[in-house]
Amino acid sequence: MIALPTPDSVAGHLLRTPRAIFGIAVILLVLLGAIFAEHLIPYDTEDMDFDALLGGITAAHPFGTDQLGRDMLSRLILGARVAMEVSIGAVGLGVAIGVPLGLATAIIGGWFDDVTMRVMDAVVVFPSLLVAVALAAALGNSLGTVILAIGIANVPWLARIVRGQALGLRELDFVAAAEVAGTTRLRIMTHHILPNCLAPVIVQTTLGMGYAVLTEAALGFIGVGIQPPTPTWGNMLQAAFPLLEQHPLLSVVPGVAIFMLVLAFNLLGDALRDILDPRMRGIQ
Amino acid sequence: MQRYILRRLAQLVPTLLLITMMVFALMHAIPGDPARMMVGAGDALDEAQLAVVRREYNLDRPVPVQYALWLGRALTGDLGRSSANQRRVGEELLLRASVTFELGLFAWLIAAAIAIPAGVIAAVHRGRVPDFAATLVAVGAVAMPGFWVGIMLILVFGVHLRWLPTQGYVPLGTDLADGLRHMVLPAIALGITSAALMMRQMRSALLEVMSLDFIRTARAKGLAKWPIVLGHALRNAMLPVVTVMGLEVGRIFAGAVVIETLFGVPGMGRLMVQAVFQHDFMVVQGSVLVMATAVLAANFITDILYTVLDPRIRYGA
């Protein structure tokens with residue numbers, strides 16, 4: 001059982017944890033880049049500089065240029081937008097379905113619980129990447145398909161976490177007290193149990209966002225993700241691969257961007273878990 | 001024990017049925033005429049030919065009947081024919097699955113062989129240099145896409161050093177040495193994330209066990225550090241590690257989709273990606289079904305192994 005400390009104390013802890021500060025800083029940076037991409041990019045992503053095909057690191061192009069002379073920094077910044085859209089969208093979808101489902105199974109119980117959890121057991125067996133590839137075959141590749149596929153994979157984990165938490169909470173005295181006081185089941189669920197389930201959900205969503213970035217990159221790399229000309233970190237790596245021997249910089253830059261963002265989500269998630277669940281501190 | 005295994009085996013049936021329903025539903029979610037889709041010939045067929053196809057695949061029957069008939073065929077290994085080359089999907093998958101299993105097993109073994117000793121060393125030297133180094137590497141490895149690690153391995157060991165081949169597959173039965181040489185880079189790329197997660201689990205599980213009373217008793221008896229770790233603590237710490245090792249099978253299957261494409265390994269994953277581009281839905285459907293079933297089987301074996309390893313757990317059986 002994890003109780004949720006006050007937001008102030010969590011923020012205070014976070015700002016004293018170096019990994020959390022690193023995580024927050026990187027995520028904010030990428031988020032700002034994603035939001036203000038049009039104002040930040042030095043070149044249009046389709047502008048071709050024919051004097052600088054496959055250019056190295058220069059003052060004009062800090063991350064070099066690709067085979068068409070397009071500025072890598074600009075493409076990287078627009079790729080950040082897709083990475084953020086996918087991670088927020090997929091995890092948001094997972095929370096929107098998984099959390100109410102987990103709560104409902106714990107409260108209603110009985111056959112509803114049995115059936116829902118069996119379905120969750122079946123969904124877990126499909127790795128998100130597999131679902132995404134199959135959905136791309138069925139529905140075509142778009143931002144929506146990618147978000148849907150990764151989002152579905154998030155549902156069972158969140159539902160299981162919330163269900164487990166809620167089942168534990170239901171046995172506690174304060175819930176019994178609320179029941180005795182005549183509070184409705186719905187109100188107990190939303191006002192007493194849900195707030196106390198949030199800590200592990202927050203941890204899981206933070207880690208899930210990093211995982212979403214990794215999955216999007218893999219889909220883009222095999223060519224079933226979001227399609228060019230929209231630059232994504234995954235499809236940039238796909239375009240760069242045939243030129244690996246000739247111009248490795250193209251393959252290094254998007255990979256490092258993915259690494260930094262996923263690292264940031266993971267470190268923030270780990271720090272949050274340490275703060276919200278003191279039993280785990282120093283062990284994980 | 002036997003009763004527990006039988007009960008878990010019985011629980012698999014509804015899950016497996018649900019999986020087949022989901023796979024079947026997925027293919028029926030595709031917009032367009034399923035008859036054209038299954039044959040893949042597009043507009044080349046006339047209505048009479050389409051009617052033959054509909055009868056052949058029972059597409060003229062109600063959907064629940066279609067599902068039952070499809071399931072019946074699938075259970076006998078008949079997964080339809082590829083629309084790209086008319087080969088039987090079941091036979092093709094059997095051929096490709098052995099390649100994926102070989103690569104996956106290799107990746108999984110490499111991961112475990114690195115993770116377990118590294119986790120033990122990190123836990124024993126908690127808070128010191130080996131612990132710090134192992135944790136740093138693990139945290140970094142989890143944040144990198146496996147396929148990008150693969151690209152970097154190709155860059156270093158293939159392009160620059162020219163030590164290892166970076167494309168293709170040689171069956172181990174044909175030429176063991178060459179087969180292994182082709183397998184090294186893809187297996188590392190496929191296993192690296194799993195290795196990091198197994199290592200962290202090993203470390204934390206061992207630390208938890210080392211703080212228990214029976215370890216303090218062993219210490220008080222005057223036993224040396226390593227006999228305590230290897231003789232008493234490790235066995236008890238292996239339980240959560242076994243669970244993670246089992247769950248990693250799913251990650252390895254999913255990862256194979258990308259890694260096989262990157263390294264040109266002709267397994268199930270690469271077959272599936274190619275099928276997506278060729279709109280070869282029967283092959284996509286078959287691959288998803290086989291992979292999901294394999295993951296389910298791995299989870300089941302993990303669960304059973306867990307009870308075998310820990311006599312305390314009987315789950316009321």
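From the N terminus on, chain A runs α-α-α-α-α-α-α-α-α-α-α. That order comes to 11 helices and 0 strands. The model is predicted.

| Property of chain A | Value |
|---|---|
| Span of the C-alpha trace along its principal axes | about 80 × 45 × 35 Å |
| Buried share of the 284 residues | 49% |
| Share joining residues at least 24 apart, among contacts between residues at least 6 apart in sequence | 68% |

One helix of chain A deserves a separate look. Helix H8 of chain A covers residues 173–180. Of its 8 residues, the number buried is 0, so H8(A) lies largely in the open. A residue counts as buried when 20 or more other C-beta atoms lie within 10 Å of its own. Gly182(A) follows H8(A). The phi of Gly182(A) is positive, near 90°.

Now to a helix pair in chain B. Two packed helices are described by the angle between their axes and the distance between the axes. Helix H5 of chain B spans residues 89–124, and helix H11 of chain B spans residues 268–277. Their axes come within 7 Å and cross at roughly 130°. H5(B) and H11(B) are therefore oblique to each other.

Which residues make the contact? H5(B) supplies Leu93(B), Arg96(B), Ala97(B) and Thr100(B). H11(B) supplies Met268(B), Gly269(B) and Leu271(B). By type, the residues of this contact divide into 4 nonpolar, 2 polar and 1 charged.

Terms used
Residues numbered from 1 in each chain as written. Chains lettered and ligands numbered in written order. Predicted model: local features only at pLDDT ≥ 70, side-chain atom pairs only at ≥ 80, totals over all residues. Axes fitted to C-alpha atoms, helices over the stretch in contact; angles between N-to-C directions. Helix = DSSP H or I, 4+ residues; strand = E, 2+ residues; numbered from the N terminus. Parallel < 35°, antiparallel > 145°, perpendicular 65-115°, else oblique. Contact = placed C-beta atoms within 7 Å. Nonpolar A, V, L, I, M, F, W, Y, C, P; charged D, E, K, R; others polar. Buried ≥ 20, exposed ≤ 12 C-beta atoms within 10 Å, placed from the backbone.
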